[in-house]
Amino acid sequence: MFTSLSQGNHSAMNPSGPALYDAVLLDRDGTLVEDVPYNGDPEKVRPLPGAREALDRLRAAGLRLAVVTNQSGLARGYFTERDMHAVHARIEELLGPFDHWAVCPHDDTDGCACRKPAPGLVHEAARALGTAPRRCVLVGDIGRDMAAALAAGATGILVPTPVTRPEEVAEAPAVARDLPGAVDEILRRDRAVRPVVPRTGRAGTVLVVRSDSAGDVLVTGPGIRAVAAGAERVALLCGPRGRAAAELLPGVDEIIEWPLPWIDGSPEPVDPDDMRQLTARLAAVGAEEAVVFTSFHQSALPLALLLRMAGVPRISAISDDYPGSLLDVRHRVPVGVPEPERALSLAAAAGFALPAGDEPGLRLRADLPAPAVDLPAGDYLVVHPGASVPARACPPERCAEIVAALAADGHRVLVTGGPGERELTARVAAAGGTDLGGTTDLAGLARILAGARCLVVGNTGPAHLAAALGTPVVSLFAPTVPFGQWAPYRVPTVRLGDAGAACRDTRAARCPVAGHPCLSGVDPARVVAAVRRLAPG
Ligand SMILES: [Zn+2]
């Protein structure tokens with residue numbers, strides 16, 4: 001049942017691995033040059049410090065460059081197109097050539113699809129550069145830049161200026177001090193997913209590990225595919241809550257389900273007999289090496305000890321804690337890296353890379369089991385009100401208002417949830433949706449999401465399922481963990497919720513702030529607008 005789907009790619013394996021990005025898109029005013037409002041005068045062009053050298057480093061790395069800029073001064077008649085071209089010629093004189101200029105000439109009243117925060121300029125630039133938005137990173141100085149990047153499925157890096165509002169900084173997926181700092185981060189991320197020392201031959205059986213929930217397993221998918229591309233056989237050790245997701249991942253030949261008390265959120269006491277049985281089970285895999293994937297707040301070391309006791313000769317893991325002789329490859333990752341890239345970077349440290357042509361995004365097996373229920377026909381949105389962690393769930397009454405607002409905007413809304421969430425989905429769906437709570441397993445939910453125009457969901461497993469299917473996500477994101485690490489990866493997204501709420505970075509499982517303000521304040525009208533941005537027409 002668990003045949004690797006990556007086998008067809010072995011001959012095309014690229015030892016250095018595919019790059020994360022093809023292109024860097026840059027906002028103009030406040031990012032490349034000093035912001036002179038409605039500037040039509042080339043004499044007033046002043047590059048920001050270090051911009052030329054930073055751009056040249058991107059050019060030298062083979063990245064294509066485009067400018068994506070709102071120029072509503074054209075619509076307002078403050079300068080002519082000819083003036084603007086003179087300004088752009090001066091910018092190229094000072095900063096070097098750009099491969100494309102994507103300009104929105106409209107203002108907010110035009111309701112165009114290109115003015116940032118709409119994603120139109122990102123789509124245009126990606127198309128002109130012969131790539132896709134998900135292979136682009138956009139650097140800009142305000143929230144509109146980040147929103148446009150996310151809505152296109154591109155990566156965003158904010159470089160704040162004194163006029164950038166604090167809430168824009170709080171919402172950004174990543175923040176750099178200045179343009180050279182953003183370029184450092186782009187080049188560092190790209191390097192991190194490629195092995196320094198590529199493997200010469202294939203590994204035999206490799207044991208990969210990802211405990212915890214469905215979402216955690218899904219975001220580890222690219223790292224597991226990289227291992228699978230360089231191994232004869234992959235066994236995955238997962239926890240009970242991640243099992244259903246593990247069964248959806250390509251590249252996995254065998255699944256071992258075992259709860260790990262140092263990972264589980266509500267663990268049983270450590271049982272010595274259970275640990276002995278686990279060690280014996282791990283020894284029976286016959287793995288010649290293990291790659292232990294963890295989240296940034298989890299330790300790989302207890303399992304590394306059991307793997308040593310099981311006789312696994314080579315073990316790779318991320319560990320800030322000193323591992324002694326528990327690890328052969330001790331990998332370290334700075335904070336703020338998206339979880340899928342974190343996993344890919346560990347695989348790379350162990351010598352594994354994705355094969356050529358395998359995009360570094362989330363992906364599901366091509367042979368998903370047939371759904372047990374009839375799939376909905378026609379055009380629909382999905383609202384998924386539950387979350388594996390209560391602090392990340394939007395309050396039910398607010399979800400009901402969101403369903404009502406979407407229905408009033410003419411959408412057919414399906415409300416999904418697990419078997420334990422039937423009461424919740426019934427209550428939320430009563431506001432104008434169809435209740436599908438408890439009718440599907442995770443694979444069935446994947447089928448439903450694959451046909452949806454858009455998913456409205458908190459930071460929980462189905463958000464990553466949608467990302468794996470390419471379905472856009474309206475993310476009602478509680479800031480208890482960093483958005484840059486846990487946002488739906490490389491899929492069009494709108495982030496809603498208060499990014500600066502007091503629960504920020506607490507990693508709380510239950511909201512520590514009275515009234516759950518980070519998500520209880522989400523305005524249903526903004527959800528309707530987000531759906532329009534992500535799934536127009
Ligand atoms: Zn426009």
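Visitor: In what sense do strands β9 and β10 pair, and over how many bridges?
Guide: Please keep in mind that this is a predicted model. In it, strand β9 (residues 289-292) pairs with strand β10 (residues 314-318) in the parallel sense, over 4 bridges.

Visitor: Which residue of β10 does Val 291 stand opposite?
Guide: Val 291 has Ser 316 opposite it in β10.

Visitor: And what is the strand order of the open sheet of 6 strands?
Guide: The order is β8-β7-β6-β9-β10-β11, and the pairing is parallel. The edge strands are β8 (254-257) and β11 (329-331), each of which pairs on one side only. On average, neighbouring strands of this sheet are turned by 15° against each other, ignoring direction.

Visitor: What about the open sheet of 5 strands; what is its order?
Guide: That open sheet runs β3-β2-β1-β4-β5, with parallel pairing. At its edges are β3 (100-104) and β5 (155-158), and each pairs on one side only. Its neighbouring strands are turned by 20° against each other on average, direction ignored.

Visitor: How many bridges link β4 and β5?
Guide: Strand β4 (residues 136-140) pairs with β5 over 4 bridges, in the parallel sense. Within this pair, Val 137 stands opposite Thr 155 of β5.

Visitor: Which strands does helix α3 lie across?
Guide: Helix α3 (residues 120-128) lies across β1, β2 (64-70), β3 and β4. Relative to β3, helix α3 runs at about 160°.

Visitor: Let us change topic. Which residues are the protein donors of the zinc ion?
Guide: They are Cys 104 through SG, His 106 through ND1, Cys 112 through SG and Cys 114 through SG, at 2.1 to 2.2 Å from the ion. Their spacing in sequence is C-x1-H-x5-C-x1-C.

Visitor: Why is that arrangement called tetrahedral?
Guide: The 4 donor atoms subtend angles of 100 to 115° around the zinc ion, and therefore the arrangement is tetrahedral. The rule for four donors asks that all angles lie between 85 and 135 degrees.

Visitor: Is Cys 104 buried or exposed?
Guide: Cys 104 is buried, because its relative accessible area is 0%. His 106 is partly exposed, with a relative accessible area of 26%.

Visitor: How many disulfides are there?
Guide: The count comes to 0 disulfides. Cys 136, for instance, is in no disulfide: the nearest cysteine sulfur belongs to Cys 114 and is 17 Å away. Cys 136 is also buried, at a relative accessible area of 0%.

Visitor: Now the loops. Where does Thr 31 lie?
Guide: Thr 31 is in the loop between β1 (23-26) and α1 (51-60). Thr 31 counts as buried because its relative accessibility is 3%, and buried means under 20%. Leaving aside residues up to four places away in sequence, Thr 31 touches Leu 48, Val 139, Gly 140, Asp 141 and Leu 179.

Visitor: And which residues does Thr 161 touch?
Guide: With residues up to four places away in sequence not counted, Thr 161 touches Gly 30 and Asp 141. Thr 161 lies in the loop between β5 and α5 (166-171) and is partly exposed, with a relative accessible area of 22%.

Visitor: How far apart are Thr 161 and Val 291 in space?
Guide: From C-alpha to C-alpha they are 41 Å apart, and in sequence 130 residues separate them.

Visitor: One more helix: how many residues of α8 are buried?
Guide: In helix α8 (residues 221-229), 9 of its 9 residues are buried. These buried residues, among them Ile 224 and Arg 225, pack against β6 (203-210), α7 (214-219), β7 (231-238), β9 and α12 (339-349).

Visitor: Finally, are the faces of strand β17 covered or open?
Guide: Both faces of β17 (residues 493-496) are covered: Thr 493 and Arg 495 are buried on one side, and Val 494 and Leu 496 on the other. Strand β17 pairs with β16 (residues 473-476) in the parallel sense over 4 bridges, and Arg 495 is the bridge partner of Ser 475.

Conventions: Residues numbered from 1 in each chain as written. Predicted model: local features only at pLDDT ≥ 70, side-chain atom pairs only at ≥ 80, totals over all residues. Heavy atoms only, no water. Donors = N, O, S within 2.8 Å, 3.2 Å for Na, K, Ca; no water. Tetrahedral: all angles 85-135°; square planar, octahedral: opposite > 155°, others 65-115°. Buried < 20%, exposed > 50% of the residue type's maximum accessible area, 1.4 Å probe, protein only. Pairing = 2+ DSSP bridges. Helix = DSSP H or I, 4+ residues; strand = E, 2+ residues; numbered from the N terminus. Axes fitted to C-alpha atoms, helices over the stretch in contact; angles between N-to-C directions. Contact = heavy atoms within 4.5 Å. Disulfide = S-S within 2.5 Å.
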